[in-house]
Amino acid sequence: MTATYTLDAGEIRKQFPFFQPHPEMRSVIYLDNAATTQKPYAVIEAVSHFWAHHNANVHRGGHGAGAKASELYEAARARVAQFINAREPAEVVFTRGTTEAINLVASSWGETFVNTGDEIIVTEMEHHANLLPWMRLAEKRGAHLKVWRITDDGRLDLEALDRLLTERTRLVAVSHVSNVLGTVNPVAEICQRAHAAGALCLVDAAQSIAHMPIDVQAIDCDFLAFSGHKAYGPTGIGVLYAKRALLETMPPYQVGGGMVQVVRWERLVWAEPPAKFEAGTPPIGEAIGLHAALDFIDSIGRDAIERYERELTEYALQRLQEVPDLRLYGPIPDRAGIFAFTLGDIHPHDIATVLDTRDVAIRSGLHCAHPLGERLGGATARASLAIYNDTQHIDALIDALDEVRRVFGLARA
Ligand code: PMP
């Protein structure tokens, strides 16, 4: 097969220390990008430069170093706002990650605006991060959690959503891209239908932020969450985007330093958003690393990334479907580069272990989406792509799967 690919992943790998030979590490074919991505030199150097030369607390110090740290931290916020096309930086709240961002919404907005008898709609494909906060909120507030089931090919049917929405629906919580099925959900249409019924819409963009352009105004979501570490950035930093008007009405999530204007024994006045939601010393170096990660992504170009990953996904789908006894989950061919599969009745952990002996890194298990795992019939193995992967990596995966079949006696003699 002769296909031409629109990006040279080998060139991109040169920007990542993880892919350079090192005495402490065997070189691996890294196909666990849905769990976390590797970090380019640019991100590591930005963080290290901050710790080495600009370290100070933000929004506090009456000195130049503090002012510089604050400037860098706020520049990171402005960069995020621009990256997702928020109307203003104040719509960007820094959190520890997607999980904390969604917990913030469930605690602050949810416990204020969701009441007995109200309804929250979640999809059957949600990661626990976008499921457990809503299950707990429903339990606490006496609300109903309604499940938007997936179709047999792993998609969401918009008409089914219309049947679930009622005048009691307060929120639809949906992932942009499923971390198991690779399904790319039509989030703009989902938000539009939610709004038509008077509900809000929260988009979990953990698996899409690094892989396709995202425009929060075009999607018209009320909330959107993502993690830096799945977008070539550091761990410990994530983003909650929320419409300004909502942030104004929401009470603080945590309270403490940096989020308050007036503290008297008889009176508290919270700071304006986003400071209202950032109690305590924030992850400053990590925010600066995230800034560098977004610059890295845009240096390649999000359209170019989306196009290349689509090409690679097509190749992976074709090759995976050639493997005897392999069952692939999720929509075909229209999906992101995340492939959950089983191989005969071999346990997915055994698949991952044998692949590891061939230096192919994938994940196995229920992928923090237990209800979806139940629907699929149990654990799966999962390979997931990023911009530095190429067809040789897919070929190595396929060869290693042949080895798994041989080891477990599935291969014909
Ligand atoms: N949502 C989805 C779809 C995810 O894939 C993940 C991470 N696997 C999360 C949320 C949670 O992200 P984090 O652990 O970075 O908070």
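Let me start at the ligand. An oxygen atom of the ligand has a polar side-chain atom of Thr 99 at 2.5 Å. Keep in mind that this is a predicted model.

Two further contacts belong with that one. In the side chain of Asp 204, an N or O atom is 2.5 Å from a nitrogen atom of the ligand. Ser 227 places a polar side-chain atom 2.6 Å from an oxygen atom of the ligand. Taken alone, the ligand would expose 400 Å², and the protein buries 87% of that.

Now the shell as a whole. The residues surrounding the ligand include Thr 98, His 127, Asn 179, Gln 207, His 229 and Lys 230. Sorted by class, this shell has seven polar, two charged and two nonpolar residues.

Next, the aromatic rings. How many aromatic pairs does a search of the whole structure find? The number is 14. One of them joins Tyr 5 and Tyr 308, edge-to-face, with 6.4 Å from centre to centre and 80 degrees between the planes. This pair links distant parts of the chain, 303 residues apart: Tyr 5 is in the segment before α1, and Tyr 308 is in helix α11, residues 302–322.

Are these two residues buried or exposed? Tyr 308 has 2% relative accessibility, so it counts as buried. Tyr 5 has 27%, so it counts as partly exposed.

Elsewhere, ring pairs build a cluster from Phe 16, Phe 18, Phe 19, Tyr 30, Tyr 232, Phe 296 and Tyr 388.

One last item, a charge and a ring. Arg 302 has its charged end over the ring of Phe 83, 3.5 Å from the ring centre.

Technical notes
Residues are numbered from 1 along each chain as its sequence is written. This is a predicted model: local features need pLDDT of at least 70, side-chain atom pairs count only at pLDDT 80 or more; totals for chains, interfaces and linings use all residues. Side-chain values use heavy atoms; hydrogens and water are left out. Rings of Phe, Tyr and Trp (its six-membered ring) pair if their centres lie within 6.5 Å; planes under 30 degrees apart count as stacked, over 60 as edge-to-face and the rest as tilted. Helices (H or I, at least four residues) and strands (E, at least two) are DSSP runs, numbered from the N terminus. Buried means under 20% relative accessible area, exposed over 50%, partly exposed in between (1.4 Å probe, protein chains only). A charge sits over a ring if NZ of Lys or CZ of Arg is within 6 Å of the ring centre and within 35 degrees of the ring normal. A residue is near a molecule or strand if one of its heavy atoms lies within 4 Å of it. A polar contact is a pair of N or O atoms within 3.5 Å; within protein, one must be able to donate a hydrogen and the other to accept it, and residues adjacent in sequence count only if both atoms are side-chain atoms. Accessible areas come from the Shrake-Rupley method with a 1.4 Å probe; for residues, only the protein chains shown count as cover. Ala, Val, Leu, Ile, Met, Phe, Trp, Tyr, Cys and Pro count as nonpolar, Asp, Glu, Lys and Arg as charged, and the others, Gly among them, as polar.
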